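Hi,

Here is the structure I promised to pass on.

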Amino acid sequence: MKKIILFLVTLVLLSSCDKGDIPLEHNSLSVLNLEFTGCIEVEDLTKAGQDGWWVPHTIVLEAQGDVLKILRQSRFNCGAKLDITVTNEGNTITIQEKNVGLSAMCDCPGEYQSEIKGMKDGIYTICVFPFKSYYGYFKPFVFEFKEGVKQTVELDLIYYNYLDLL
């Protein structure tokens, strides 16, 4: 009788576990299909809704299958060629933007689209580091990865306090 009760308790516990709470394997994600526009007019941004010349730092995330689609709009360095890398530690995902092109003393509107493959249903903390990361980083935010979920986030830049670095 004890074996039957133990079996039933084990069965109930295993069936009640939410598979979405299992963290991703360390650095198991990969970047696909990165497309960066370079400098473009504000009117040419995808789904442009910006007023005038100012373009806020925004990111649109969309879940499809095991892919996280990204549309990131901002003002980027003139002459930049953007590359991104994605790392994860459990369900914390870090998107690091890197300029592999020229740098200039100006910036202009631009956007990139990319995909992150290897996602699973669950709640994630997303951290975005702009390629001028010596200024600061964007405040992390939470995204629920579930088929069809789409979220737009206006990123808040948090500037480094250089006195803390001394």
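The partner to look at is β7 (residues 122-129), which pairs with β9 in the antiparallel sense over five bridges; two strands count as paired if DSSP finds at least two bridges between them. Within that pairing, I126 is opposite F141.

Before you go further: this is a predicted model, with local features needing pLDDT of at least 70 and side-chain atom pairs counted only at pLDDT 80 or more, whereas totals for chains, interfaces and linings use all residues. Numbering starts from 1 along each chain as its sequence is written, and side-chain values use heavy atoms, with hydrogens and water left out.

On confidence, the mean pLDDT (the predictor's confidence in each residue, from 0 to 100) is 83 for the protein chain, and 80% of its residues reach 70 or more. β9 (residues 141-145) has the highest mean, at 97, and helix α1 (residues 2-16) the lowest, at 41. Residues 4-20 stay under 50, and the model has four contacts beyond four places in sequence for them (contact means heavy atoms within 4.5 Å). Where pLDDT is low, the predicted coordinates should not be read in detail.

As for the overall layout, the chain has two helices and eleven strands. These are DSSP runs numbered from the N terminus: helices are H or I with at least four residues, strands E with at least two. Of the 166 residues, 36% are buried (under 20% relative accessible area with a 1.4 Å probe, protein chains only). Among contacts with a separation of 6 or more, 67% are between residues 24 or more positions apart.

The largest cavity holds about 40 Å³, a volume being the space filled by probe spheres set on the points. Its lining (residues with an atom within 4 Å of a point) includes F36, F76, C108 and P109. β3 (67-77) and β6 (107-117) are the elements giving two or more residues to that lining, and β6 has the largest share, with three.

Cheers

Notes:
1 Å grid on protein atoms, 1.4 Å probe; cavity = no way out; pocket = protein on both sides within 12 Å on 5 of 7 lines; lining within 4 Å. Buried < 20%, exposed > 50% of the residue type's maximum accessible area, 1.4 Å probe, protein only.
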